[in-house]
Amino acid sequence: MDDENVEQDHRIRLARELILRKKDITLQQLFKLVPRKIIAQAIGMNVVSFTNNRSKYPELFRLKELILFAEAFDLSLCVVADLFARSID
């Protein structure tokens, strides 16, 4: 999936709207609605690595990956940081 298709994917827009509207959503809840594969592709991560490891341990994300997440979903870094903070056990 190329960058243009990722940005136009309705699931990316859905994820963005969910994050903005539902202030208490966690990554785990988001993954139930938007496939991990779509999120991995949107932020430019290896799908298998993301699905098997990173998505299960949000505390392992690096700052650069949080920035890429924010850019891919057109969100502020503060919103993404809050999402990840809520998702850490």
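I call a residue buried when its relative accessible area is under 20%, exposed when over 50%, and partly exposed in between (1.4 Å probe, protein chains only). Helices here are DSSP runs of H or I with at least four residues, and they are numbered from the N terminus.

Some ground rules before I start. I'm looking at a predicted model, in which local features need pLDDT of at least 70 and side-chain atom pairs count only at pLDDT 80 or more, while totals for chains, interfaces and linings use all residues. Residues are numbered from 1 along each chain as its sequence is written, and side-chain values use heavy atoms, with hydrogens and water left out.

**Entry: helix α7**

I started with α7, residues 77-87, and looked up its buried residues: Val80, Leu83, Phe84 and Ser87. Looking down the axis of α7, I find them within an arc of 90 degrees (taken from the directions from the axis to the C-beta atoms), so they line one face of the helix. On the face turned away from that buried side I find Cys78 and Ala85, which are exposed.

What do the buried residues of α7 pack against? I get three helices: α2 (10-21), α3 (27-33) and α6 (63-72). Contact, in my notes, means heavy atoms within 4.5 Å.

**Entry: α6 against α7**

Next I took the pair α6 and α7. Their axes come within 9 Å and cross at roughly 115 degrees; the axes are lines fitted to C-alpha atoms over the stretch in contact, with angles from 0 to 180 degrees between N-to-C directions. From α6, the contact is made by Leu63, Leu66, Ile67, Phe69 and Ala70, and from α7 by Leu77, Val80, Leu83 and Phe84. I sorted these residues by type and got nine nonpolar, no polar and no charged. For that sorting, Ala, Val, Leu, Ile, Met, Phe, Trp, Tyr, Cys and Pro are nonpolar, Asp, Glu, Lys and Arg are charged, and the others, Gly among them, are polar.

**Entry: threonine 26**

Threonine 26 sits in the loop between α2 and α3. Buried or exposed? Threonine 26 counts as buried, because its relative accessibility is 16%. Leaving aside neighbours within four places in sequence, I see threonine 26 in contact with Leu83, Arg86 and Ser87.

**Entry: salt bridges**

My rule for a salt bridge is a side-chain nitrogen of Lys or Arg within 4 Å of a carboxyl oxygen of Asp or Glu. How many salt bridges does this rule give? The count is four.

Arginine 16 pairs with glutamate 17 at 3.6 Å, N to O. I have arginine 16 down as partly exposed at 24%, and glutamate 17 as partly exposed at 33%. Aspartate 74 also meets arginine 16, at 3.8 Å, N to O. That pair links distant parts of the chain: aspartate 74 is in the loop between α6 and α7, arginine 16 is in helix α2, and they are 58 residues apart. Aspartate 74 is exposed, at 56%.

Then I looked at arginine 54 and glutamate 65, whose closest N and O atoms are 2.3 Å apart. Arginine 54 lies in the loop between α5 and α6 and glutamate 65 in helix α6, so the pair ties together parts eleven residues apart in sequence. Arginine 54 is buried at 12%, and glutamate 65 is buried at 11%.

Technical notes:
Helix = DSSP H or I, 4+ residues; strand = E, 2+ residues; numbered from the N terminus.
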